[in-house]
Amino acid sequence: MSAPVRTSIADTEPTIVDVKLGSRSYGIVIGRGVVATLGARIAALRPGAKAFVVTDENVAGHVLPAVETVLDRAGIKNESVVVPPGESSKSFAVLERVCEAIIASRMERGDLVVALGGGVIGDLAGFAAAVVRRGLDYVQVPTTLLAQVDSSVGGKTAIDSSHGKNLIGAFHQPILVVADTALLDTLPAREFRAGYAELVKYGLLGDAAFFAWLEANWKDVFAGGEARDHAIAESCRAKAAIVARDERETGDRALLNLGHTFGHALEAACGYSDRLLHGEGVAVGMALAFDFSATRQGLVSKAEAARAIRHLAAVGLPTRLRDIPGTLPSLSQLMELIAQDKKIKRGMLTFILVRGIGAAFIETGVDEAEVRAFLSEKLAER
Ligand SMILES: NC(=O)c1ccc[n+]([C@@H]2O[C@H](COP(=O)([O-])OP(=O)(O)OC[C@H]3O[C@@H](n4cnc5c(N)ncnc54)[C@H](O)[C@@H]3O)[C@@H](O)[C@H]2O)c1
Ligand SMILES: [Zn+2]
């Protein structure tokens, strides 16, 4: 099925969220139908620039022709490359293909890369833009919920190494993000739900009122329309504020990793397969972080932790180890995966813990033995 992509005017007045980073500042344009304004926005920002679109096979089928039309109408010369969908495209081999295609199309400094797709395409095309000719500008056109609320904002780009995810990359901010929320209508329900885990993360880590709003309105967010646009804009505002404070993650930006230490270990344990999508791993990880903060650290009441976990489960996200299909590795293997993600210094781990919903903080002194005992208990419940 092809998306009903509008190529004329935007359906409603878009919301614009500014990412304030001095000379690297940019806007995130959010709304139904805003991809129709992509060409005009690029032409205004970089008059005369050519565009090179990087996308994947799934997204190409839904929106590439519409995006080409929008660019053509704005008088922007454009070419594209289509790569296979999925995490495996964040590889040296695919990066090489993309870089060579960009160079073959005679893109000069001053021309633009357009990342049209989910987080995989954003990370891959953003990194290609960072390295081709020592850096081309790029525009993010995120097409998954995860990419609209998280990966398209903040300038982290990367491919994967055989040693782990995202180990080869660069900080490279886009010059514009155009998040057309209507493009999410073709996203498989499971992918939307996984992206919702990153969206609700902003409530859980720093905004109790937003969390309460999501508890009341999540069905409308899933259905589309104004509630969805509002939730995406709130998420972008939250991420933009954190990134503006700490662009290179020397402090506060680590709060965005709530649920990610457990989550990454579980994703790795599942071989980054579709047994557990990234957002699903984050959902289990956030539930474990609340549980751990309540039962092992006495930081938050059990009732408050249960409330956070209840909402994740209500939207259909996994929250317990037993919700993950198939077998999981042993306790010591899981601990090793955790140690790979976060270095253990003198038996101490860094975790994002919580004092309540909307009150996450960075704890650098979490006792490895406590985590081990906690996970042992959780594995036994499986
Ligand atoms: N750079 C960052 O700050 C950051 C943050 C979070 C995650 N990430 C990265 O993001 C990646 C995950 O991103 P993702 O969840 O968007 O995955 P993805 O890009 O693989 O997209 C998920 C699936 O949806 C398909 N798809 C995309 N848009 C569609 C649409 N509109 N309609 C139908 N199908 C569509 C894709 O082809 C793919 O099969 C991971 O590699 C992760 O490391 C990066
Ligand atoms: Zn994430």
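Trainee: Which residue in strand 4 does V53 stand opposite?
Mentor: V53 faces S80 there. Keep in mind that this is a predicted model.

Trainee: OK, and how many bridges join strand 3 to strand 4?
Mentor: Six, with strand 3 (residues 51–56) and strand 4 running parallel.

Trainee: What's the strand order in the sheet they belong to?
Mentor: The order is 1-2-9-6-5-3-4. That's an open sheet of seven strands, and the pairing is mixed.

Trainee: Which strands stand at the edges?
Mentor: Strand 1 (15–19) and strand 4 (78–83). Each has a single partner strand, so one side of each has no neighbour in the sheet.

Trainee: And what does the twist average from one strand to the next?
Mentor: It comes to 20°.

Trainee: Which strands does helix 4 touch?
Mentor: Helix 4 packs on the sheet against strand 3, strand 4, strand 5 and strand 6. With strand 5, its direction makes about 165°.

Trainee: I clicked on G126. Where is that?
Mentor: In helix 4, which covers residues 119–131.

Trainee: Is G126 buried or exposed?
Mentor: Buried, because its relative accessibility is 0%. Leaving aside residues up to four places away in sequence, G126 touches I121, Y138, T157 and H172. Also, G126 and Q173 are 47 residues apart in sequence, while their C-alpha atoms are 8.2 Å apart in space.

Trainee: New topic: what coordinates the zinc ion (ligand 2)?
Mentor: E198 through OE, plus H260 and H278, each through NE2, at 1.9 to 2.1 Å. Along the sequence, the donor residues are spaced E-x61-H-x17-H.

Trainee: What does the pair of E198 and H260 tie together?
Mentor: Parts 62 residues apart in sequence, because E198 lies in helix 6 and H260 in helix 9 (residues 260–269). Both E198 and H260 are buried.

Trainee: How do helix 6 and helix 10 cross?
Mentor: Helix 6 (residues 189–206) and helix 10 (residues 278–295) have axes that come within 7 Å and cross at roughly 35°. The crossing is left-handed.

Trainee: Which residues make the contact?
Mentor: On helix 6, R190, A194, A197, E198, V200, K201 and L204. On helix 10, H278, G279, E280, V282, A283, M286 and F290. By class, the contact has eight nonpolar, two polar and four charged residues.

How values were computed. Residues are numbered from 1 along each chain as its sequence is written. Chains are lettered from A and ligands numbered from 1 in the order in which they are written. This is a predicted model: local features need pLDDT of at least 70, side-chain atom pairs count only at pLDDT 80 or more; totals for chains, interfaces and linings use all residues. Side-chain values use heavy atoms; hydrogens and water are left out. Axes are lines fitted to C-alpha atoms, for helices over the stretch in contact, and angles run from 0 to 180 degrees between N-to-C directions. Helices (H or I, at least four residues) and strands (E, at least two) are DSSP runs, numbered from the N terminus. A crossing is left-handed if the near helix is turned anticlockwise from the far one by less than a right angle, and right-handed if clockwise. Contact means heavy atoms within 4.5 Å. Ala, Val, Leu, Ile, Met, Phe, Trp, Tyr, Cys and Pro count as nonpolar, Asp, Glu, Lys and Arg as charged, and the others, Gly among them, as polar. Donors are N, O and S atoms within 2.8 Å of the metal (3.2 Å for Na, K and Ca); water is not among the atoms, so sites may look incomplete. Buried means under 20% relative accessible area, exposed over 50%, partly exposed in between (1.4 Å probe, protein chains only). Two strands pair if DSSP finds at least two bridges between them.
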